[in-house]
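Could you walk me through this model in the viewer, one selection at a time? I would like to know what to pick next and what is there.

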Amino acid sequence: MNILLETISALPLGNPSNSNVCDETFRRIVLQNRKISSLHLIALDGETVCRTPQLRPGADGDMQDKWFERAIEVQQFAIWAPPPATGTEKDADQNRELIATLPIYDADRRAIGILGAKVPSRSLTLSIQETDLPDASAVAILDAKGTILAQRAKGVPVDEWLPAARSREADAGLMSGAYVLTGLDSIKRTYVVVALPGNIFGIYAQDAEELSSAARALLYFIIAFPLLIWIVASITAGRATERIVIEPLNNVRQAIRRYIAGDDTARVERDTNAPEEVQAVATKFNTMADTIQARDEALRAALDHQKALVREINHRVRNNLQVMNSLLNLQSRRAKTPEQAAIFLDVQRRLNALGIVHAAFYQGDDFRSVDLSILLKDLCQSTERHLSSEWGRPVLSMHCPSPVFARPDAALTLAFLVTELIADATSRLSPEGHPATQIDFDLAEQPRGGSTLTMKVDQPVLADLMENRPDEGHINLFRGLIRQLRAHMDVDEPGCVVTVSLPVLV
């Protein structure tokens, strides 16, 4: 009955001023539910909005009673037993009609009316008559005022088995629990009272002092029912909280962890069941991630454009160096003396060193430093190809066990120094007993910082390397390069070894 009234309350019953739609809807509901004798919709002022069946002309509305005010106060589904109108008490009990009520609320939870349905009490009586009583002496359904709505006892149903404290005359409120009381027939019984939906109560009575298994099970159920309700409510609330709050928060946390781990595509999927606060956090995170991704893409595009420009500049600089080298080569052919040709060769050698440093500088993505191990190896190979004399081409080698990095300006100065050392050593060769020479370079890092560059020549060509000779410019050039590097150079003439102690160049 409660479900039926709740369903009716959700139906569109039309405008209250026009009750035709409501009457027709009620008529169909009553036809489909034979146990309902009438159905009413009553406003808060007691006026009947619509009902079925229709009132007889001139008949007064029989739904107005004290239960109407109490139904509004109860604010939930309830069953009422109005007093009988006529006839004997026995006939009245058999022909009594119960009233089931349910308040109706609007969207703001304000009461706007009451649904009422009349149900014959014999429907409850028949249900109780079908109940087997192997242990109980009697069972009954009462309303909150102690009025018997239906009962059954072993033998003829009589009211004497009810407890005197809960008789109709006593008009005492009922309370769930187990009691040992004396009935109206002066017999002591064990009574178990159970609250039922719709403000009615069920009473179970047993003559024996000791509770039977059925009564004990019913008593245990009464005691455990609130605990079971609390457990079920806690589990339901926990699952609802996990599904509505915890799971969305875990999704946000997992997306944040993936994003921190480097997954730029990590986003929080939209969950309409999540609370508004969690949805707001997820939206803010997605917006932040999208903004960062767009900024990173713009930065990467700008960086790619800058690298393309740098590569273009590098290409043009290399082309210009090659053009200058070609022009110097053409001009050297017009030299009239060996001294003039040597000047052109010195300039070409230095341009070659500048081009190698420039290429090493722009080969990598880090423009802040140059790997000297790669640079000096390329320099030795290129110089070996370009240097030759009528006595043979010198053999150059470069050994570096570990990478040594330097700033571009320091790398260029060191390349010029190596180039000048090779040029000075090869310029001292003579055709008498020295068809070629072997020059070995070694670059190694020092434990205390810095590095050491060693040049070893297999011929005694280092004599007077560091002496001042006003007629030549090599001494001033060596000292200037060493001073610019903030290094120190030692020359071992008998051992044919030059040692250059370099500071940290990065």
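**Stop 1: the disulfide**

Select C22 and C50: a disulfide joins these two cysteines, with 1.7 Å from S to S. The partners come from distant parts of the chain, 28 residues apart: C22 sits in helix α2 (residues 20-32) and C50 in strand β2 (residues 48-52). The disulfide count comes to one.

Is C22 buried or exposed? Its relative accessibility is 2%, and since buried means under 20%, C22 counts as buried. C50, also at 2%, counts as buried too.

**Stop 2: two further cysteines**

Now select C380, which is buried at 2% relative accessibility. Then go to C496, where the value is 7%, and this residue is buried as well.

**Stop 3: the five-stranded sheet**

Next, colour the strands β12, β14, β15, β17 and β16: in that order they form an open sheet of five strands with mixed pairing. Which strands stand at the edges? They are β12 (395-399) and β16 (488-492); each has a single partner strand, so one side of each lacks a neighbour in the sheet. Looking from one strand to the next, you will find a twist that averages 15 degrees.

Zoom in on β15 (residues 451-457) and β17 (residues 497-502), which pair in the antiparallel sense over six bridges. To find your place in this pairing, select T452 and look for S501 of β17, which stands opposite. As background, strands of a sheet pair through backbone hydrogen bonds.

**Stop 4: the helices on the sheet**

**Stop 5: confidence**

Finally, colour by pLDDT. The protein averages 77, and 78% of the residues score at least 70. Select residues 56-63, where the pLDDT is below 50; beyond near neighbours in sequence, this stretch has 10 contacts in the model. Residues 168-172 also have pLDDT below 50, with nine contacts beyond near neighbours in sequence. Where pLDDT is low, the predicted coordinates should not be read in detail.

Technical notes: Residues are numbered from 1 along each chain as its sequence is written. This is a predicted model: local features need pLDDT of at least 70, side-chain atom pairs count only at pLDDT 80 or more; totals for chains, interfaces and linings use all residues. Side-chain values use heavy atoms; hydrogens and water are left out. Two strands pair if DSSP finds at least two bridges between them. Helices (H or I, at least four residues) and strands (E, at least two) are DSSP runs, numbered from the N terminus. Axes are lines fitted to C-alpha atoms, for helices over the stretch in contact, and angles run from 0 to 180 degrees between N-to-C directions. pLDDT is the predictor's confidence in each residue, from 0 to 100. Contact means heavy atoms within 4.5 Å. A disulfide is a pair of cysteine sulfur atoms within 2.5 Å. Buried means under 20% relative accessible area, exposed over 50%, partly exposed in between (1.4 Å probe, protein chains only).
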